[in-house]
Amino acid sequence: MNRYAYTLKAYATNARRHPSPCQKLSLIRDMVAALSSIHGAGLAHRDLSEVNIMVDEDPLLKLEDNTPRPWVRVIDFGKSVFVEPGEVKRWSMKDHVSDEELALLPLVILPPDHGYKLYRSILTLPRSKHDHTPLPPVDPRAEDVYSLGVLIWRTFSGKSPWNGAIEDDIKTIRYLISTDEQIKFQLEREVTGQRSRELLLRCLTAEASTRSTIHQLRDWLEQPEILAELLKEFEILGGGRKKVRKNLD
């Protein structure tokens, strides 16, 4: 197995040299592209976190600010599931997949997710540390997009989201992410930059139906004017070395 230089956690919160604004934007674009490929293959990852995103720098390939281009790799597919009936029937380890289960796809029935709670939406976050009651059907791809939103927030801010909420403080996390209105209020308090908030609000919603799909998010993000505005906001936040701006078109 390839050994990578950093986890996203180590790279995005490097105390000696924070990623530059261009590197932050490159990381975010790569993560969106990677998840788009995963969903395009009929899979949901279900375990995206800052320790399951690996980063290498290419010293020979420079970004607009002359910093090394970071490359993203998504690892650990141990909790991933197929969401297309044909793929489920082809790869399932069960002796038999029921017609009811196939008809439900892409929704799946899952227990509450006790891993990396800061990356879980209100739809999959347990009510307590002892909560293992099966949940109503959820689309695991939409949950991936929510997790990606937290990763994006972590990447450009270099800080823990939700006002530094502790991983095991389920009560506080559930309160902060309980409704779309509460999430929007929290982002307005914590996130500087209109486009940065808009980016997060496309991912971080209480209702899965109000989130962008990963393909919608990728199309929105790749607009030159959006990239330019995000980069300007990341520059205001600081990080990395100073650079000379170039046209992103």
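1. Basis of the note. The model is a predicted one, in which local features need pLDDT of at least 70 and side-chain atom pairs count only at pLDDT 80 or more, while totals for chains, interfaces and linings use all residues. Residues are numbered from 1 along each chain as its sequence is written, and side-chain values use heavy atoms, with hydrogens and water left out. Helices (H or I, at least four residues) and strands (E, at least two) are DSSP runs, numbered from the N terminus.

2. Helix 8 against helix 9. Two packed helices are described by the angle between their axes and the distance between the axes. Helix 8 (residues 180-190) and helix 9 (residues 194-201) pack at about 150°, and their axes are 10 Å apart; the axes are lines fitted to C-alpha atoms, for helices over the stretch in contact, and angles run from 0 to 180 degrees between N-to-C directions. Helix 8 is therefore roughly antiparallel to helix 9, given that angles under 35 degrees count as roughly parallel, over 145 as roughly antiparallel, 65 to 115 as roughly perpendicular and the rest as oblique. The crossing of helix 8 and helix 9 is right-handed, a term used if the near helix is turned clockwise from the far one by less than a right angle, with anticlockwise giving left-handed. Ile-183, Lys-184, Leu-187 and Glu-188 of helix 8 make the contact (heavy atoms within 4.5 Å) with Arg-197, Leu-200 and Leu-201 of helix 9. By class, this contact of helix 8 with helix 9 holds 4 nonpolar, no polar and 3 charged residues, where Ala, Val, Leu, Ile, Met, Phe, Trp, Tyr, Cys and Pro count as nonpolar, Asp, Glu, Lys and Arg as charged, and the others, Gly among them, as polar.

3. The two sides of helix 8. The buried residues of helix 8 are Gln-182, Ile-183, Gln-186 and Leu-187; buried means under 20% relative accessible area, exposed over 50%, and partly exposed in between (1.4 Å probe, protein chains only). Because they cover an arc of only 135° around the axis, these residues are on the same side of helix 8, the arc being that of the directions from the helix axis to the C-beta atoms. Glu-181 and Arg-189 are exposed on the other side of helix 8. The cover over the buried residues of helix 8 includes helix 5, helix 6 (161-164), helix 7 (170-176) and helix 9.

4. The buried side of helix 9. In helix 9, the buried residues are Arg-195, Ser-196, Leu-199 and Leu-200. They are placed on the same side of helix 9 because their arc around the axis is only 140°. Among the elements that cover them are helix 2, helix 5 (140-157), helix 8, helix 10 (214-221) and helix 11 (224-237).

5. Helix 5 against helix 9. The angle between helix 5 and helix 9 is about 155°, with their axes 9 Å apart, and the two are therefore roughly antiparallel to each other. On the side of helix 5, Gly-149, Ile-152, Trp-153 and Phe-156 meet Ser-196, Leu-199 and Leu-200 of helix 9. This contact of helix 5 with helix 9 divides into 5 nonpolar, 2 polar and no charged residues.

6. Helix 2 against helix 10. Helix 2 and helix 10 pack at an angle of about 145°, with axes 9 Å apart, and their crossing is left-handed. The residues in this contact include Ala-33 of helix 2 and Leu-217 of helix 10, and by class the contact has 7 nonpolar, 4 polar and 2 charged residues. Ala-33, which lies in helix 2 (residues 21-40), counts as buried because its relative accessibility is 18%.

7. Backbone details in loops. The peptide bond from Leu-105 to Pro-106 is cis, with omega near 10°, and Pro-106 lies in the loop between helix 4 (99-104) and helix 5. Tyr-116, in the loop between helix 4 and helix 5, has a positive phi of about 50° although it is not a glycine, and at 35% relative accessibility Tyr-116 counts as partly exposed. Arg-46 is not a glycine either, yet has a positive phi of about 75°; Arg-46 lies in the loop between strand 2 (43-44) and strand 3 (53-62) and, at 15% relative accessibility, counts as buried.
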